[in-house]
Amino acid sequence: MAERTQDDLGDDRSLLLVDDDEPFLKRLAKAMEKRGFEVETAETVAAGTAIATARPPAYAVVDLRLEDGNGLDVVEVLRERRPDCRVVVLTGYGAIATAVAAVKIGATDYLSKPADATDITNALLQRGDELPPPPENPMSADRVRWEHIQRVYELCDRNVSETARRLNMHRRTLQRILAKRSPK
């Protein structure tokens, strides 16, 4: 599928971006402005909720995990204030349970980071039963495994022994994996 054009946006081009990763947020905002969106940004659940309440946008991209809470709280406010808002949830920790929760709450789509502006634009503008195109550069299997281990590690409050037990992995093996950098 080709990249969407500004004509696909409609009359209301307002877009809310909520992410606590400031460099990513600035890059994405700039890229989305080039695609014709009128962008507002927020780095916290509180700021995102305030914007969603005061000026509900036509489109939104919300990170799942923010420093002050869960991005799904912003999605709920968006659904209450503007039911036709097209919302894409982003996360660095892709999991089926969170994807299901995001869609049940009203998200249009759910993308794992790193997602580029083209993937996000296509997800925001997809209509009906149309399937989004496959990503140009999907995460490698090693990266997916690493992300899953990191997620379980965080959910276990960074307890190596508990994480190893839940992953059915030897504790020393887990320590070696955690000591390495993330794969590309």
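Predicted model: local features only at pLDDT ≥ 70, side-chain atom pairs only at ≥ 80, totals over all residues.
Reader: Which helix of the protein chain has the highest confidence, and which the lowest?
Author: The mean pLDDT of the protein chain is 82, and 86% of its residues reach 70 or more. Confidence is lowest, at a mean of 73, in residues 96–105, which form helix α4.

Reader: Where is D157 placed, and is D157 buried or exposed?
Author: D157 lies in the loop between α6 (141–155) and α7. Phi of D157 is near 55°, a positive value in a residue other than glycine. Most residues other than glycine have a negative phi. Because the relative accessible area of D157 is 67%, and exposed means over 50%, D157 is exposed.

Reader: What is phi of N168, and where is N168 placed?
Author: N168 is found in the loop between α7 and α8 (171–179). With a relative accessibility of 73%, N168 counts as exposed. Its phi is positive although N168 is not glycine, and the value is near 55°.

Reader: What share of the contacts with a separation of 6 or more joins residues 24 or more positions apart?
Author: The protein chain contains eight helices and seven strands. Among its contacts with a separation of 6 or more, those between residues 24 or more positions apart account for 62%.

Conventions:
Residues numbered from 1 in each chain as written. Heavy atoms only, no water. pLDDT = per-residue confidence, 0-100. Helix = DSSP H or I, 4+ residues; strand = E, 2+ residues; numbered from the N terminus. Buried < 20%, exposed > 50% of the residue type's maximum accessible area, 1.4 Å probe, protein only. Contact = heavy atoms within 4.5 Å.
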